Amino acid sequence: MIYVGTDIVEVSRIQKMIDNRGKRFLSHIYDKIEVEYCSARVNPALHFAGRFSAKEAVKKALLS
């Protein structure tokens with residue numbers, strides 16, 4: 001069987017998590033390369049949110 005996963009997350013929610021939990025949140029969800037890449041962007045929260053959504057979608061598809 002083939003599964004497709006989708007996930008939507010508010011960028012502001014991810015920004016709040018970064019603001020409140022900082023490196024602890026980032027290191028729990030993302031690897032070092034992802035943190036470096038997203039942090040170098042003009043709007044890091046947008047890129048972190050996109051990666052978070054992709055990871056959640058894959059997780060949901062694999063667990064179905």
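Against which helices do the buried residues of helix 3 pack? In this predicted model, the buried residues of helix 3 pack against helix 1 and helix 2, the latter formed by residues 32–39.

## Overall architecture

The protein contains three helices and zero strands, and its elements run α-α-α from the N terminus on. Along the principal axes, the C-alpha trace spans about 40 × 20 × 20 Å.

Of the 64 residues of the protein, 25% count as buried. Among contacts with a separation of 6 or more, 53% are accounted for by residues 24 or more positions apart.

## Helix 3

Helix 3 covers residues 44–63. At 1.5 Å a residue, its 20 residues should span 28 Å, and the 29 Å between its end C-alpha atoms agrees with this expectation. The buried residues of helix 3 are Ala45, Phe48, Ala49, Phe52, Ser53, Glu56, Ala57 and Ala61.

Serine 53 lies in helix 3. Its relative accessibility is 12%, and because buried means under 20%, serine 53 counts as buried. Leaving aside neighbours within four places in sequence, serine 53 is in contact with Asp7, Ile8 and Val9.

## Packing of helix 1 and helix 3

Two packed helices are described by the angle between their axes and the distance between the axes. The axes of helix 1 (residues 11–29) and helix 3 come within 10 Å and cross at roughly 75°. An angle from 65 to 115 degrees counts as roughly perpendicular, so helix 1 is roughly perpendicular to helix 3.

On the side of helix 1, the contact is made by Val11, Arg13, Ile14, Gln15, Ile18, Leu26 and Ile29. Helix 3 contributes Ala45, Leu46, Phe48, Ala49, Phe52 and Lys55. Sorted by class, this contact of helix 1 with helix 3 has 10 nonpolar, one polar and two charged residues.

## The nonpolar core

Which residues form the largest nonpolar core? This core has 10 residues, namely Val9, Ile14, Ile18, Phe25, Leu26, Tyr30, Cys38, Phe48, Ala49 and Phe52. Helix 1 and helix 3 are the elements that give two or more residues to the core. The largest share, four residues, comes from helix 1.

Isoleucine 18 is one of the core residues. Leaving aside neighbours within four places in sequence, isoleucine 18 is in contact with Phe25, Leu26 and Phe48. Phe25, Leu26 and Phe48 are also listed in the core. Isoleucine 18 and Phe48 likewise take part in the contact between helix 1 and helix 3.

Definitions and conventions: Residues are numbered from 1 along each chain as its sequence is written. This is a predicted model: local features need pLDDT of at least 70, side-chain atom pairs count only at pLDDT 80 or more; totals for chains, interfaces and linings use all residues. Side-chain values use heavy atoms; hydrogens and water are left out. Axes are lines fitted to C-alpha atoms, for helices over the stretch in contact, and angles run from 0 to 180 degrees between N-to-C directions. Angles under 35 degrees count as roughly parallel, over 145 as roughly antiparallel, 65 to 115 as roughly perpendicular and the rest as oblique. Contact means heavy atoms within 4.5 Å. Ala, Val, Leu, Ile, Met, Phe, Trp, Tyr, Cys and Pro count as nonpolar, Asp, Glu, Lys and Arg as charged, and the others, Gly among them, as polar. The expected span of a helix is 1.5 Å times one less than its number of residues. Buried means under 20% relative accessible area, exposed over 50%, partly exposed in between (1.4 Å probe, protein chains only). A nonpolar core is a set of buried Ala, Val, Leu, Ile, Met, Phe, Trp, Tyr and Cys residues joined through side-chain atoms within 4.5 Å.
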